[in-house]
Amino acid sequence: MKKKIKIFNTVDQLSQYFAKKLIKGLRKTPEGAYFSIALSGGSTPRAIFQYLALHFKDIGGWEKLLVFWGDERCVPPDSDDSNFKMASESLLNQVPIPKDNIFRIKGEDNPLDEARRYSDMIHKKVPSKKGSPLFDLVMLGLGTDGHTASIFPGSQHLFESDQLCKVAQHPESLQTRITVTGKVINQARTVAFLVTGEAKAAMVSTLLERKDGWEKFPASQVRPENGKLLWLLDEAAASDLKNKL
Ligand code: 6PG
């Protein structure tokens with residue numbers, strides 16, 4: 001696993017770097033082929049998606065993008081809690097991605113059924129090797145508790161699941177979630193953590209500087225087997241790192 005850590009002065013500079021990576025991937029995708037991405041949720045990606053839509057909506061190639069999610073809250077698609085709603089408002093409704101290339105996790109449906117349906121959808125649409133899908137890019141956020149996607153502390157077993165998607169639960173709100181597992185994350189060609197804000201600095205430092213107990217956090221299990229691991233941080237999220245790596 002190749003790991004690269006990049007620290008940016010501003011979220012806009014982080015967004016620009018990420019956008020250029022994505023656009024480069026689209027441009028390298030041959031005619032008739034697709035570039036598959038799993039979007040992260042929460043609040044961090046909103047600014048990044050808005051930057052993409054504002055600066056890159058006319059670049060061409062969006063029809064090559066297959067859009068999935070790394071996790072979703074079990075809420076209707078018009079809920080303010082929905083990762084689909086956030087991504088649609090900030091990016092997907094602003095750029096020419098064919099609607100048939102957007103694969104929403106149906107948070108309103110029975111979670112167990114939806115985890116199964118979404119696993120099947122990924123199997124069907126994303127090229128795989130030895131039963132594991134090879135996403136071109138998986139975006140991940142980081143919780144202050146060290147969770148990623150919707151794999152929370154105490155649920156690390158979801159990383160080892162032989163399923164692509166599992167039902168999860170937020171430990172505080174008890175909100176039911178659907179999450180991809182390590183079988184998706186660690187087979188991706190590129191996994192990118194996008195982490196901003198002072199609140200994440202302690203966890204970023206714990207994980208990247210491998211402080212005591214770092215391995216008990218779910219985010220520490222993100223180790224792409226053959227792919228690249230990118231940590232894209234703003235100065236605030238990197239502020240506890242001793243040496244700026
Ligand atoms: C979600 C996410 C989750 C998120 C982190 C960070 O559905 O909430 O996928 O893993 O990325 O909790 O969330 P923020 O970006 O809101 O800090």
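Residues are numbered from 1 along each chain as its sequence is written, and side-chain values use heavy atoms, with hydrogens and water left out. Because the model is predicted, local features need pLDDT of at least 70 and side-chain atom pairs count only at pLDDT 80 or more, whereas totals for chains, interfaces and linings use all residues.

The protein chain contains 7 helices and 11 strands (DSSP runs, numbered from the N terminus, of H or I over at least four residues for helices and of E over at least two for strands). Its radius of gyration, taken over C-alpha atoms, is 17 Å, close to the 18 Å that the globule rule (2.2 Å times the number of residues to the power 0.38) gives for 245 residues, so the chain is as compact as a globular protein of that length. Of the 245 residues, 56% count as buried, where buried means under 20% relative accessible area, exposed means over 50%, and partly exposed lies in between (1.4 Å probe, protein chains only).

The whole structure holds 10 salt bridges, each defined as a side-chain nitrogen of Lys or Arg within 4 Å of a carboxyl oxygen of Asp or Glu. In helix 3 (residues 83-92), E89 and K85 lie 4 residues apart, about one turn of the helix, and their side chains meet in a salt bridge at 3.9 Å, N to O. D136 and R189 also form a salt bridge, at 3.3 Å, N to O; D136 lies in the loop between strand 6 (132-133) and strand 7 (137-140) and R189 in the loop between helix 6 (182-185) and strand 10, so the pair ties together parts that are 53 residues apart in sequence. Salt bridges that share partners join R46, D80, K85 and E89 into one network.

The structure holds 0 disulfides, a disulfide being a pair of cysteine sulfur atoms within 2.5 Å. The sulfur of C74 is 11 Å from the closest cysteine sulfur, which belongs to C165, and this is too far for a bond. C74 is partly exposed, at 22% relative accessibility, while C165 is buried, at 3%.

K200, in the loop between strand 10 (190-195) and helix 7 (201-208), is buried yet has no salt bridge, and the nearest side chain of opposite charge, D145, is 8.5 Å away (Lys and Arg count as positive and Asp and Glu as negative, with His and the chain ends not counted). Leaving aside residues up to four places away in sequence, K200 touches T44, L142, G143, T144, V195 and A237, contact meaning heavy atoms within 4.5 Å.
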